[in-house]
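Keep the structure open while reading.

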Amino acid sequence: MTSAQQPSKNEVEGPRIRNRQPGDVLVIGLLLVLTALPDAMVVPILEELLVVRYDVDPGLSHAFISINLVGGLCALPLLRVAMRRGRPILAVAIAAVADAALLAAMWLPIGFGPTILLRAVEGAADVMVFAVVFDLIGQAGRRRGAGLRFGFGAALLSMALGGGAILGGQLAGDSGSEDAARAVYLVGAAACLMAGIIAFACRNRLRRLEGIAAVSTEEESKPEPTQKAKAPLWPLMLMAGADRAAGGLLTGTLGLFLAEAVGLEPSLRGGLIGSVLLLMGLGAIPAGWISDRFGDLFVRAVGGVTFAIGLFVLPMAASDLSSLSATMLLLGVGGATLLPTSLALLDRLHGGLVGMGGFRAAGDIGFLLGVSVAGLLIHMLGDGEGSSFGYASVIAGFAIMHLCCTALVIPLLARHDRRSI
């Protein structure tokens, strides 16, 4: 490229703004929602999809969820290939269409074993789509505004997962019949197919975003006296795993704790847990906006400590409804900061499709371990009279784990962060 062809400083400065079009974020948001919907549609109707349909043990039916998370690890080498060949947009279109075909195949009466195998392959397609879509979110505007964009992305993801769970239950209906339940496969396949078509149809628009990002990244990578080395991926993956492990505790163990140890009615339990998850989802938008102004690492540190404190005091506050509600509010506020700040830090300090894919895979494994370890510990600590102590110990243990992760990761990332606290 000659000097006459070099982009001017003003064209590169404030990367990815001058050439960005208003529809870019809309396209990326559509891809995110359409590909996230099928993930949660199957969760509330596992019994109808597997136990009733294939007459398997309820414990084995959970393999349908876990194998999808483990299968996502296979996407990392594929992401390296897509990045090396410069075709991530084509990769996301192919992955979405492949996801649609796999879901449609699960609709057929193929048996439990083949269904689990297809579900594992589908996990790889899920991670590929997640990595590319969230990488595009990072590229869709100024780097200083990445927190707000990732906040919107996190909110959309939360709403899509929640909406998918509701839609899955509605499709199964009150009858809970096998035919009604397995319709979720076809609906999920239709959503993924639509995402693949949109990605292919808008490939030039999305490639332009990548081209802008490539130019800006090249400019930003020029040596500067104050610039630090690229951050390693493992602290960011550890952060993702700890967050999702605590999330698994909230969505699984917390409901049992409120029912068995505290004795709350189902409607009250649902309202408390739902309010936390809703606050974490919608609160990600203002959390991202705040992180753009005060620094991702600072907001992540404050939010992580707040979340851990809320989790730690939860068992002690459970005896009083007003204290419990205040603690849930603390959890929601702290939890709202976790995903948008983590993604903004990943995009700024490490970046790349493999980084996004590794972050997603680490989060999925953390979720699986969180649910499994919490259940195992509660079982080992006993039930009946000891249930309250068992639940309190496990919840406090997860709070300490999350706090220790924050204490370990924040100083490590601060060494590589030019906006460090």
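## Ala261 and its contacts

Not counting residues up to four places away in sequence, Ala261 touches Leu256, Ser388 and Tyr391. The model is a predicted one, and the contacts described here are read from it. Ala261 lies in helix α13, which covers residues 234-261. With a relative accessibility of 26%, Ala261 counts as partly exposed, because that class runs between the 20% limit for buried and the 50% limit for exposed.

How far apart are the C-alpha atoms of Ala261 and Phe389? They are separated by 8.6 Å, while along the chain the two residues are 128 residues apart.

## Helices α13 and α19

Two packed helices are described by the angle between their axes and by the distance between those axes. For helix α13 and helix α19 (residues 353-381), the angle is about 45 degrees and the axes are 6 Å apart. The crossing of the two helices, α13 and α19, is right-handed.

Which residues make the contact? On the α13 side they are Leu236, Met237, Ala240, Gly241, Arg244, Ala245, Gly247, Gly248, Leu249, Thr251 and Thr253. On the α19 side they are Gly358, Phe359, Ala362, Gly363, Asp364, Gly366, Phe367, Gly370, Val371, Ala374 and Ile378. Sorted by type, the residues of this contact between α13 and α19 are 11 nonpolar, 9 polar and 2 charged.

## Gly358 in α19

Gly358 is one of the α19 residues in the contact with α13. Is Gly358 buried or exposed? Its relative accessibility is 2%, so Gly358 counts as buried, the limit being under 20%.

Leaving aside neighbours within four places in sequence, Gly358 is in contact with Leu76 and Met237. Gly358 and Gly72 are 286 residues apart along the chain, and their C-alpha atoms are separated by 9.1 Å.

## Helices α18 and α19

Helix α19 also packs with helix α18 (residues 338-349), at an angle of about 150 degrees and with the axes 10 Å apart. That angle makes α18 roughly antiparallel to α19, because angles over 145 degrees are put in that class. The crossing of α18 with α19 is right-handed.

In α18, the residues Leu339, Ser342, Leu343, Leu346 and Asp347 meet Gly355, Met356 and Phe359 of α19. Of the residues in this contact of α18 with α19, 5 are nonpolar, 2 polar and 1 charged.

## Helices α15 and α16

Helix α15 (residues 284-294) packs with helix α16 (residues 296-317) at an angle of about 125 degrees, and their axes are 7 Å apart. The angle makes α15 oblique to α16. Ala287, Ile290, Ser291, Asp292 and Phe294 of α15 meet Asp296, Phe298 and Val299 of α16. The residues in the contact of α15 with α16 divide into 5 nonpolar, 1 polar and 2 charged.

Met106 is found in helix α7 (residues 88-107). At 0% relative accessibility, Met106 counts as buried. Apart from neighbours within four places in sequence, Met106 is in contact with Arg53, Phe64, Thr115, Leu118, Arg119, Glu122 and Tyr185. Met106 and Ala189 are 83 residues apart in sequence, and their C-alpha atoms are 9.9 Å apart in space.

Asp55 is in the loop between α3 (46-54) and α4 (58-61). Its relative accessibility is 69%, so Asp55 counts as exposed. Most residues other than glycine have a negative phi. Asp55 is not a glycine, yet its phi is positive, at about 55 degrees.

## The chain as a whole

How many helices and strands does the chain have? There are 20 helices and 0 strands. Of the 421 residues in the chain, 51% are buried. The accessible surface of the chain is about 18,700 Å², and 67% of this belongs to carbon and sulfur atoms.

Among contacts between residues at least 6 apart in sequence, 83% join residues at least 24 apart.

Definitions and conventions. Residues are numbered from 1 along each chain as its sequence is written. This is a predicted model: local features need pLDDT of at least 70, side-chain atom pairs count only at pLDDT 80 or more; totals for chains, interfaces and linings use all residues. Side-chain values use heavy atoms; hydrogens and water are left out. Axes are lines fitted to C-alpha atoms, for helices over the stretch in contact, and angles run from 0 to 180 degrees between N-to-C directions. Helices (H or I, at least four residues) and strands (E, at least two) are DSSP runs, numbered from the N terminus. A crossing is left-handed if the near helix is turned anticlockwise from the far one by less than a right angle, and right-handed if clockwise. Contact means heavy atoms within 4.5 Å. Ala, Val, Leu, Ile, Met, Phe, Trp, Tyr, Cys and Pro count as nonpolar, Asp, Glu, Lys and Arg as charged, and the others, Gly among them, as polar. Angles under 35 degrees count as roughly parallel, over 145 as roughly antiparallel, 65 to 115 as roughly perpendicular and the rest as oblique. Buried means under 20% relative accessible area, exposed over 50%, partly exposed in between (1.4 Å probe, protein chains only). Accessible areas come from the Shrake-Rupley method with a 1.4 Å probe; for residues, only the protein chains shown count as cover.
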